[in-house]
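Dear colleague,

Here is the structure I said I would pass on. My notes on it follow below.

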Amino acid sequence: MNISDVCSEEYNTNRDLHVHDEKKLTVLIDNGDGGARKEDVKTSSFLHSVINMSAILIGLGQLSTPYALQKGGWASSFLLIGFGILCAYTSHLLGKCLKKDEKIRNYSDIGNHAFGAKGKVIASTFIYLEVFMALVSFTIALNDNLATVFNGKHLNISWTHLSTSQFLTVAAVILALPTVWLKDLSKISFLSVVGIILSFLIFYSVMHIAAFGGVKANRSIPVLRLHNIPAISGLYVFSFSTHVVFPDIYRSMKDPSKFTEVSIVSFTIVTIFYTTIAFVGAKLFGPEVSSQVTLNMPKHLIVTKIALWATVLAPLTKYAFALVPIASQYDRKLPSSVSSKTRWFIRGTVGSMLLILVLILALAVPYFEQVLGLTGSLVSISVSIIFPCAFYTKIYWSQISKPFLVLNVSLIVIASVLGVLGTISSSKSLVNIVIKKSLSVM
């Protein structure tokens, strides 16, 4: 498969949520030569766009930011806020790139416009690598939270050589398999709304426990643990990395000139959201806080059960929106003589294989903190900071002022250094855990 072509209008998803399709309409315009072309009818207001962008941004980050803050110290919250500001800025840069040429439809097109075919290949590679690794992280979270939900309960499944939570995770993924056989994702568009509701249920549950759950938010948070900054930077930046869907939001807006304002408002809301849950979670559970804050919540409370099940169900709302567009690329490469049933079968088979691979990796490497941190440092920091700065600088090279050139180059260098250090740190941690686990089994 030529992944440089994996850039369809159908692709409007990332590791969290997808843009509300009802806010973006498509009509056919007569070309005058018997053909037709697609043109977007821009129907999203400023408020709709803010809601879309904010909903997309809120995801796995709320599970991990309390842990990251505790590991890095309360001073690392400035890094979290800094990433929020930087990602709002790079969102603005993407908007400027989209304004340059109406033919640019998506993130990979921006890479193509800036650096040609190689730019498109690199952008597409990182897009789908991020989506795939994020799905693995989601599935690990599914397994971990199922283990907590069914703690102390055991199924008679020794013949499978799986734990109860692993067996239930396999069952959950099997239940999700039919969704990746769908061609028309609008039939399950309600799942995106469900995903949003689940994310807010998790946030509400943590706030409820802090206010009424009998757990005092008085645990200490260290000032700064500098040696942990490379590792937690990946967790922080992952929380804001949804730039791949921003072109969809831009193109759906009634007034695209307001895109920068939409970005500022949305990132402000989400940065406050993440910072709040980071401090509340860290103050509630202190040094014992897990890389998934739901695992620390008092097990007897109803709100804990709600949060755990919300985390379990969230991945099931995302698999199809992430994997169907990837599998559909095989459909487009097939000869026109191939029947629609054969196309459907091939597309469904590819999607199923990808989902099964996600499941296998999640069960084989069930280390949420390390996998999510590696995703952030290896991929997300490039998609959300490095690439937008590089794309804008290249596209506007003849017009960019010296201060902006220095700013963008500096951001590329700093983000690259953080990315490399974070990747090394997360990789070392992952390798060490795998080795220890292997030795303990021997």
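The model is predicted, with a mean pLDDT of 86, and 90% of the residues reach at least 70. Residues 1–38 fall below 50 in pLDDT, although in the model this stretch makes 124 contacts beyond near neighbours in sequence. Where pLDDT is low, the predicted coordinates should not be read in detail.

On the overall fold: the protein contains 14 helices and two strands. Its radius of gyration is 22 Å, close to the 22 Å given by the globule rule for 442 residues, so the protein is as compact as a globular protein of that length. Along the principal axes, the C-alpha atoms fill a box of roughly 70 × 55 × 40 Å. Among contacts with a separation of 6 or more, 83% join residues 24 or more positions apart.

On surface and burial: 53% of the 442 residues count as buried. The accessible surface is about 19100 Å², and carbon and sulfur atoms account for 68% of that area.

On charge: there are 37 positive and 22 negative side chains, and 8 Å separates the centres of the two sets.

One residue I looked at individually is Ser352, which sits in helix 12, spanning residues 340–364. Is Ser352 buried or exposed? Its relative accessibility is 9%, which is under the 20% cut-off, so Ser352 counts as buried. Leaving aside residues up to four places away in sequence, Ser352 touches Leu177, Val180 and Trp181.

Regards

Conventions:
Residues numbered from 1 in each chain as written. Predicted model: local features only at pLDDT ≥ 70, side-chain atom pairs only at ≥ 80, totals over all residues. Heavy atoms only, no water. Helix = DSSP H or I, 4+ residues; strand = E, 2+ residues; numbered from the N terminus. Rg over C-alpha atoms; globule rule 2.2 N^0.38 Å. Buried < 20%, exposed > 50% of the residue type's maximum accessible area, 1.4 Å probe, protein only. Contact = heavy atoms within 4.5 Å. Areas by Shrake-Rupley, 256 points an atom, 1.4 Å probe, with all protein chains shown as cover. Lys, Arg positive; Asp, Glu negative; His and termini not counted. Charge placed at Lys NZ, Arg CZ, Asp CG, Glu CD. pLDDT = per-residue confidence, 0-100.
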